[in-house]
Amino acid sequence: MSPSASRPSPSSRSLLVCTALLAALAAGCGSSAARGPEAGAEVASIDARLRGSFRLVRFEPEVPLEPMLASMLEFQYAHLVVRFDGKRILADSPGLHVDRAYEIRDPAWDRFKLVSYDEAGVAYEALCEFSDQGELVVHAQTPPWKGVATLRRAQ
């Protein structure tokens, strides 16, 4: 076996490092179980801040949306209200109603992972954080709505 066959090439190493970095970012700062008893208090703190109603104010898709989805999104800015009640996400606007179970995972200060479940039990993950302006910034991980949404507390 040649020396180059026993070691990954520089491009393979770069790919491995990038993959490990992305996995760490997606996992947040560690699971709640690994963090001990304080994790329950951190989840409760995030939950208290998350409860209530928010309005969608911005969405920046990772990939440009097709024209029909883009026009649907534009309509939602003035109308979509998302409510978190501790167990369910309720999103309502004319022509749209979403009701899903959710849970908070991996709390770390102002950041956390939000996992919601559709009617079939399929999980959808988003990395979330509360901004300095009091907005909820949601990094949605599921196509076609993969991108960054900004929600502002409804008045």
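Hi everyone, let's begin with one residue. Leaving aside residues up to four places away in sequence, Leu 50 touches Phe 84, Tyr 102, Ile 104, Phe 112, Leu 114, Phe 130, Leu 136 and Arg 153. Please keep in mind that this is a predicted model.

Where does that list of contacts belong? The largest nonpolar core holds 23 residues, and Leu 50 is among those with the most contacts inside it, along with Phe 84, Phe 112, Leu 114 and Leu 136. As general background, nonpolar side chains tend to be buried together in soluble globular proteins.

Now for the fold. Eight strands form a closed barrel in the order β1-β2-β3-β4-β5-β6-β7-β8, and the pairing is antiparallel. On average, neighbouring strands are turned by 35° against each other, ignoring direction.

Let me show you one of those pairs. Strand β6, residues 123–130, and strand β7, residues 136–140, are joined over 5 bridges in the antiparallel sense. Here Cys 128 has Val 138 of β7 standing opposite.

Next, the helices. Helix α4, residues 38–50, lies across β1, β2, β4, β5, β6, β7 and β8, and runs at about 145° to β4. Helix α5, residues 67–79, packs on the sheet as well, touching β1, β2, β3 and β4, with its direction at about 150° to that of β1.

One last stop, in strand β3: Ser 93. Is Ser 93 buried or exposed? Ser 93 counts as buried because its relative accessibility is 13%, and the cut-off for buried is under 20%. Its side chain makes a polar contact of 2.6 Å with the side chain of Gln 76. Ser 93 also touches His 79 and Leu 80. Thanks, everyone!

Technical notes:
Residues numbered from 1 in each chain as written. Predicted model: local features only at pLDDT ≥ 70, side-chain atom pairs only at ≥ 80, totals over all residues. Heavy atoms only, no water. Pairing = 2+ DSSP bridges. Helix = DSSP H or I, 4+ residues; strand = E, 2+ residues; numbered from the N terminus. Axes fitted to C-alpha atoms, helices over the stretch in contact; angles between N-to-C directions. Contact = heavy atoms within 4.5 Å. Core = buried A, V, L, I, M, F, W, Y, C linked by side-chain atoms within 4.5 Å. Buried < 20%, exposed > 50% of the residue type's maximum accessible area, 1.4 Å probe, protein only. Polar contact = N/O pair within 3.5 Å; in protein donor to acceptor, adjacent residues only side chain to side chain.
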